[in-house]
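Here are a few friendly notes to read alongside the model. Keep the viewer open and look up each residue as you go.

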Amino acid sequence: MQDEYRTVARAGVHETEINRSRFLCALAPAATEQEAQDFIAAVRKEHADATHNCWAYVIGADASVQKASDDGEPGGTAGVPMLQMLLRRDMRYVVAVVTRYYGGVKLGAGGLIRAYGGSVGEALDALGTITRRRFRLATVTVDHQRAGKVQNDLRATGREVRDVRYGEAVTIEIGLPDADVDAFRAWLADVTAGTAGFELGGEAYGDAR
């Protein structure tokens, strides 16, 4: 698994005009290929009157799924440059749709490649990107007397508290970088006098701080 990846900070649209053609780049985070396809379908529906709705998406922290479409533009002049821009920026779990309203001036193959790739680059700059890092999920189980202090200490040290459940004991779910697991285990034993339970879970990604 990749230790980290970048994705778009939020969904949004950025518009540019090149030789009287309007290019609207819609970007969105997409956790799955189905989400990416649903987003493409929604943009197509919204801009059904557009000349072209070209798209590209990258799914997987290791970019295992990469797809693109020229949607009627000359082969290789739209979807591929869009995909290349996403990959060049190390973007993952992201979908881009560039909607073109033709303005009457032909751009030529080179112009189209620059326009479609550039639209994605400009949209990424406008909407912003975030880095997500891989971490281990872990569960801390502690008695009620110590739970408040442990939670405060976790937050004070910048640990991500993902969930807290109250039962006979208090269960706190956190995220830890792999490299911190041993040090955290020792810290927890120290602050709870060895009374806390600690269990490692699976892996996930969270926003890097």
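Predicted model: local features only at pLDDT ≥ 70, side-chain atom pairs only at ≥ 80, totals over all residues.

1. Setting aside neighbours within four places in sequence, Asp-70 touches Cys-54, Gly-75, Gly-76, Thr-77, Ala-78, Gly-79 and Val-80. To find Asp-70 on screen, look in the loop that runs between strand S5 (65-69) and helix H2 (79-88).

2. Which side chain of opposite charge is nearest to Asp-70? That is Arg-44, 11 Å away. Asp-70 is buried and has no salt bridge. A salt bridge would need the two charged groups within 4 Å.

3. The side chain of Asp-70 does have backbone partners, though. One of its polar atoms lies 2.8 Å from the backbone nitrogen of Gly-76. The backbone nitrogen of Ala-78 is 3.2 Å from a polar atom of the Asp-70 side chain.

4. Now to the cysteines. How many disulfides does a search of the whole structure find? The search finds 0. Cys-25 is in no disulfide, and the nearest cysteine sulfur to its own belongs to Cys-54, 11 Å away. As a reminder, a disulfide is a covalent bond between the sulfur atoms of two cysteines.

5. Are these two cysteines buried or exposed? Cys-25 counts as buried, at 0% relative accessibility. Cys-54 is buried as well, with 0% relative accessibility.

6. Next, take a look at two backbone angles. Asn-19 is not a glycine, yet has a positive phi of about 45 degrees. Asn-19 sits in the loop between strand S2 (12-18) and strand S3 (21-29), and is partly exposed, with a relative accessible area of 46%.

7. Ala-193 is not a glycine either, and its phi is positive at about 55 degrees. You will find Ala-193 in the loop between helix H5 (181-191) and strand S10 (197-207). With 60% relative accessibility, Ala-193 counts as exposed.

8. Finally, a word on annotation. An unreviewed UniProt entry lists residues 20-124 as "domain: Impact N-terminal". In the model, this span is 39% helix and 29% strand, and its end C-alpha atoms lie 22 Å apart.

Notes
Residues numbered from 1 in each chain as written. Heavy atoms only, no water. UniProt positions renumbered as here; feature names shortened; annotations may be inferred. Helix = DSSP H or I, 4+ residues; strand = E, 2+ residues; numbered from the N terminus. Buried < 20%, exposed > 50% of the residue type's maximum accessible area, 1.4 Å probe, protein only. Lys, Arg positive; Asp, Glu negative; His and termini not counted. Polar contact = N/O pair within 3.5 Å; in protein donor to acceptor, adjacent residues only side chain to side chain. Contact = heavy atoms within 4.5 Å. Disulfide = S-S within 2.5 Å.
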